[in-house]
Amino acid sequence: MPVHEVREFLLRFKRAVTAGTGVLIAARASTRATLLELGLTEANLEEILLALSIRDYCSGPEHDPDRDGHSPGQVWVFGKRIRGRDV
């Protein structure tokens with residue numbers, strides 16, 4: 001993926017987060033368990049997401065299988081090392 005496309009995605013993502021109601025966290029048991037295990041709140045997670053940079057990019061965009069039957073969506077994958085764990 002060209003760097004400029006990742007940069008543009010991050011700019012759009014961060015604008016959307018700060019202009020709206022923040023980040024909506026998927027109500028998955030695995031998501032809640034990971035937040036609890038890492039001792040993070042949804043507010044902490046939002047701070048981490050807003051601090052993502054091009055260096056954190058892993059892959060994407062990819063089709064979002066959770067959006068099947070709804071409006072189309074994409075998944076962009078970024079990674080961070082948080083409290084000794086790759087997340």
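Start by selecting L40, which sits in the loop between α2 and α3. Helices here are DSSP runs of H or I with at least four residues, strands are runs of E with at least two, and both are numbered from the N terminus. L40 is buried, at 13% relative accessibility. Buried stands for under 20% relative accessible area, exposed for over 50%, and partly exposed for what lies in between, using a 1.4 Å probe and protein chains only.

Before you click further, a word on what you are looking at. This is a predicted model, in which local features need pLDDT of at least 70 and side-chain atom pairs count only at pLDDT 80 or more, while totals for chains, interfaces and linings use all residues. Residues are numbered from 1 along each chain as its sequence is written, and side-chain values use heavy atoms, with hydrogens and water left out.

**Stop 1**

Keep L40 selected and show its contacts, meaning heavy atoms within 4.5 Å. Not counting residues up to four places away in sequence, L40 touches L35, I48, I82 and R83. Draw a distance from L40 to I82: the two are 42 residues apart in sequence, and their C-alpha atoms are 9.9 Å apart in space.

Now step back to L38, in helix α2. L38 is buried too, with a relative accessible area of 8%. Its contacts, again setting aside residues up to four places away in sequence, are I82, R83, R85 and V87. For a contrast, draw a distance from L38 to E8: these residues are 30 apart along the chain, and their C-alpha atoms are separated by 29 Å.

**Stop 2: R83**

R83 has turned up in both contact lists, so select R83 next. You will find R83 in the loop between β3 (81-82) and β4 (85-86). Is R83 buried or exposed? R83 counts as exposed, at 61% relative accessibility. Check its backbone as well: R83 has a positive phi of about 50°, although it is not a glycine.

**Stop 3: the whole chain**

Zoom out and colour by secondary structure. The protein has three helices and four strands, and from the N terminus they run α-α-α-β-β-β-β. Along the principal axes, the C-alpha atoms fill a box of roughly 35 × 35 × 25 Å. Of the 87 residues, 23% are buried. Take the contacts between residues at least 6 apart in sequence: 52% of them join residues at least 24 apart.

**Stop 4: helix α1**

Select residues 3-19, which form helix α1. This helix has 17 residues and reaches 24 Å from its first C-alpha to its last, close to the 24 Å expected at 1.5 Å a residue. The expected span is 1.5 Å times one less than the number of residues.

Colour V6, F9, L10 and V17, which are buried in α1. Look down the axis of α1: the buried residues fall within an arc of 100°, so they line one face of the helix. The arc is taken from the directions from the helix axis to the C-beta atoms. On the other side of α1, H4, R15, T18 and A19 are exposed. What covers the buried face? Among the elements over the buried residues of α1 are α3 (42-50), β1 (57-63) and β2 (74-78).

**Stop 5: the loop between α3 and β1**

Select S53, in the loop between α3 and β1. S53 counts as buried at 17% relative accessibility. Leaving aside neighbours within four places in sequence, S53 is in contact with L10 and F78.

Move along to D56, in the loop between α3 and β1. D56 is buried, with a relative accessible area of 11%. Beyond residues up to four places away in sequence, D56 touches A51, V77, F78, G79 and K80.

**Stop 6: a cis bond**

Next, select G60 and P61. The peptide bond from G60 to P61 is cis, with omega near 5°. P61 lies in strand β1.
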